[in-house]
Every structure is written in C-alpha cells, then in structure tokens.
Amino acid sequence: MIAEAWCLAKLDVTTAERAILEIAAKLVKHGRVRASFGHATVARERRSPTGVPFASLAVAIPHVEPEHVLASSIAVATLASPLAFREMGSPQSVLDVRIVIVPAFEASDQASGALSRLIELLQDDGLRAALVDAQDERGLVRLLLERWEG
C-alpha cells in the first residue's frame, strides 16, 4: 500500500495543485489510480480543503472518491519548501504545509479506517519531523512502514 515508487522526497514545486498533480502522476504511472485521479483530487481539495494544523508542522491529506482508484495506495511527499494549503474545517485559514499524504482507496469504508490511522500516526511530532528530514523515498517509506505496521 505504501511504496517508494509513488512517494517523493523533497518535492520542489510552487503550488499545492502542482504537488497534488505530481503525486497523482506517480500513482498513475504505477497503475494505482485512473488518469482522472489528479484533477479530481485537485477539484476536491478546492471544495473541501484538507490541511491539518499540527503544532509544529502542517500536513495536507488530499484525497478523492474511490471511483478514481484502481489499487489502494498511500502516496507521501515531503516538500522542499512549504506550500499554502487551506485548513480542513476552516477554509479561510491558510497553512504552510511540508508533508502531503495522498491516500487512494478502492472502497469508502477502507478509507475511513485508514485515514483515522494516518491522522493518529501524524500526531507524533517526532514522526513528522523525521519525515521532513528524510533524504529520499526509501527513508520516507521506512519511517511510515515502521509506524504503520508497528
């Protein structure tokens, strides 16, 4: 579900939309989602922002309906520079996000449990800092899998 092939360390883009589309392109390349996934995720992010204001390091969790997904996956990108994402539940508030996690699930019931687990893991300040410090995709995935499976 989490693999180096669809994760990006130190992604260097200038907009939240570009970050989502780059991550989606990785998922499309590896046959995890349909070609519609990226633009559908951007459109949903505009309607329903997903920035989460954790204390020291904000995270965004853009996602979309299962109809765009071929195989359940979780893609992660750390950003070379913070990007502006609007806050979940307070869309007038803009957060400087350093980590973007794009869950892609085949079923809605699968999504709710996995999203809860992701948010639970991301509440760990040390994990968020370690993810941002990871120098490559291997490091990102290792950190997440240690926590996800542990």
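Predicted model: local features only at pLDDT ≥ 70, side-chain atom pairs only at ≥ 80, totals over all residues.
Why does Val-28 count as partly exposed?

Residues are numbered from 1 along each chain as its sequence is written, and side-chain values use heavy atoms, leaving out hydrogens and water.

Stop 1: Select residues 16–29, which form helix α1. Helices here are DSSP runs of H or I with at least four residues, numbered from the N terminus. From first C-alpha to last, α1 reaches 20 Å, close to the 20 Å expected at 1.5 Å a residue (1.5 Å times one less than the number of residues).

**Stop 2: Val-28.** Now pick Val-28, found in α1. Val-28 counts as partly exposed because its relative accessibility is 33%; buried means under 20% relative accessible area, exposed over 50%, and partly exposed in between, with a 1.4 Å probe and protein chains only. Leaving aside residues up to four places away in sequence, Val-28 touches Val-33, Arg-34 and Ala-35 (contact means heavy atoms within 4.5 Å).

**Stop 3: the buried residues.** Next, colour Ala-16, Ala-19, Ile-20, Leu-21, Ile-23, Ala-24 and Leu-27, which are buried in α1. Their cover includes α2 (37–47).

**Stop 4: the neighbouring helix.** Show α2 alongside α1. Residues of α1 including Ile-20, Leu-21 and Ala-24 meet residues of α2, among them Phe-37, Thr-41 and Val-42. The residues of this contact divide into 6 nonpolar, 3 polar and 3 charged (Ala, Val, Leu, Ile, Met, Phe, Trp, Tyr, Cys and Pro count as nonpolar, Asp, Glu, Lys and Arg as charged, and the others, Gly among them, as polar).

**Last stop.** Finish at Gly-31, which follows α1 and has a positive phi, near 70°.

Note on methods:
Helix = DSSP H or I, 4+ residues; strand = E, 2+ residues; numbered from the N terminus.
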